[in-house]
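Colleague: I am new to this one. Please pick a single part and take me through it closely.

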Amino acid sequence: MDRDAFVIELPHFGAPFAFGMKGTVDVVEQDTVEHVAACVFNIASCTVGQVPMLPDLGISDLTASTVPVDTDGLVAEIAGQEPRAQLMATESGSQLDVTLRTIQLNVSTQGR
Amino acid sequence: MGDFLDVVIDSDPTSITDTGIEQITSTLTTNGFPGWTPNDGDLEIILLTIIAQMAADVASMAAQVPAAIFRAFGTKLIGVAYNQGAAATLSTTWTLADTLGHTIPGGTYVTVADLGFYVESDVIVNPGSSTTTVLLVAVDQGTSYNGVASPIATVDEVDWVLSIAASGSASGGADPEDDDAYQDRLATELALQAPRPITASDYAAMALSAPSTILPSGVVVGRATAIDGYDPSANVFTGNTTSRSATVASVSSFVGVTAGSVITGAGIPAGTTVLSINTGTSTLVLSQAATATATGASLTSTGSYGNSRTVTTFVTDPEGVALSSPAMTALASWLLGYREVNFLTYVVAPSYTPIYVTFQVHCLPGYDQTATITAAENAILNYLGPATWGAASASNGGAQWLNSAQGFNVIRYNKLLGVIENVPGVDYVPPGSTGLAIGTTASPSGTSDITLIGPAPLPQSDSTTPTVVGSAV
């Protein structure tokens, strides 16, 4: 196979899962910041125990957590599962509903 | 034991996941991109584990199928039921605290050595009595209940029961049959259901299914028919014949002589059979009159009917041609192996009678005269061919043919007329022997039915001799 014919050599699904312009699935190159960010997205999208065969995958259920959210604990939880990621979490709230919280995770990688 | 169908189905989700990962890695490596590594956070890995779990569930069900196949085959098709097992029973003596009279309800639960038992049915203790015998039944089937005897206690407090003592120990419990044990037993049951020819038709069917390994190379049994009670053996006896008389007197022996037996000898016309016998007067009546008068003439009777434990099977190849003697001997030995000792199983060739037919047809306008006559000749040849004569059933391709015992040994003149007139393009057959003549010799002139000789006769006619000749009128 012609190596030059591919932009992505070691593909992984991107996140969120999407189809590109040509109808192919969006993929990211292994070990790039996009790949690490996709893994963080997937981990943060699951709660612990949600995937039966990967029972430790995901984050704790934040539904009943107190405000402000323990973002340090959240970052540590994700980092434990994705050690390639350097994470920074910022929390913001809604003026209409104090129980509605938005947590933004910024992902970077060192030396990648 | 019971390992009749060994199907290895991987139902471990981890193994299925690993297989998927290996395939991705292998595909990329093969295409020149080594180094792909899975990560639990990758969406494809998450999806793969979920799909693997689903696949494992399906595989687990599939792994049950081999046993289920035998279960359904055995219980539904063969009718061999699973042994359900049996519950152990224990006879006990109950001593009551008073003599007022009580009823121990059926279904009362007790424990015997911590195993569950119940009272089989209501037990009435009449007033004045303080003891009774009660049969306990284990709550489940199995041998694990056997042998227990004590301690015995009621599950629910019954204040008028003073004590319960066992008479011996529990027994009779049997485990339900598991799949392996069932399959072993099913194999034994099936061995007892090996094919056995019972009726004459069974013999013909078995002869047609004879394996090639028991026959000489290249021999195939293509047609068969069988007659129950028919013994093809020949027996010689003496008798007095009188010219122009069908009665044979002073018959020396009637062994192997029955109505239908073929009689040959000096002064006996060909194709003569026995119509009736009279052992009291030592006479028999033939189907044709003798042509000579003789005292103590040596006569031969071939074939007899009504013999017990005797079946004769007549066989040919697919074209209706008789098999070789070694082939028929081998076939007889093979058939005999399926019956008990003292059964007589014969395999012989049918008798052949050449049939000659001449006919004329008037063709309908628009039909080719020559082609129509050829089609009519072929129709007669097909009807009278040993490969198709007396085809008993369309379901077996006419492999079995109807024999004399079934009343199918007559070439019927009108039937041949019908065969000819059913050919497209034939308008009519002129009347009398001008239109159709049949016989057993060349240049026939007969317009009567022809009775074929022998117990399982086949007509012979061919286009090369020829025995069927048509022309236009």
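Modeller: Take a pair of facing residues in chain B. B:Val311 stands opposite B:Thr345, which belongs to β17(B). Keep in mind that this is a predicted model.

Step back to the strands. Strand β16 of chain B covers residues 310-316. Five bridges join β16 to β17(B), and the two run parallel. Strands of a sheet pair through backbone hydrogen bonds, either parallel or antiparallel.

Next, helix α5 of chain B, residues 200-208. It packs on the sheet and touches β9, β16 and β17 of chain B. The direction of α5 makes about 150° with that of β9(B). Helix α6 of chain B, residues 325-336, also packs on the sheet. Here the strands touched are β16 and β17 of chain B. The direction of α6 makes about 155° with that of β17(B).

Now the sheet as a whole. It is open, with three strands in the order β9-β16-β17 (chain B). The pairing is mixed. At the edges lie β9 (223-228) and β17 (344-348) of chain B, each pairing on one side only. Neighbouring strands are turned by 20° against each other on average, direction ignored.

Elsewhere in chain B, look at B:Ala68. This residue lies in helix α3, residues 65-78 of chain B. B:Ala68 is partly exposed because its relative accessible area is 29%, between the 20% and 50% cut-offs. B:Asp179 is 111 residues away from B:Ala68 in sequence, yet their C-alpha atoms are 8.7 Å apart in space.

Definitions and conventions:
Residues are numbered from 1 along each chain as its sequence is written. Chains are lettered from A and ligands numbered from 1 in the order in which they are written. This is a predicted model: local features need pLDDT of at least 70, side-chain atom pairs count only at pLDDT 80 or more; totals for chains, interfaces and linings use all residues. Side-chain values use heavy atoms; hydrogens and water are left out. Two strands pair if DSSP finds at least two bridges between them. Helices (H or I, at least four residues) and strands (E, at least two) are DSSP runs, numbered from the N terminus. Axes are lines fitted to C-alpha atoms, for helices over the stretch in contact, and angles run from 0 to 180 degrees between N-to-C directions. Contact means heavy atoms within 4.5 Å. Buried means under 20% relative accessible area, exposed over 50%, partly exposed in between (1.4 Å probe, protein chains only).
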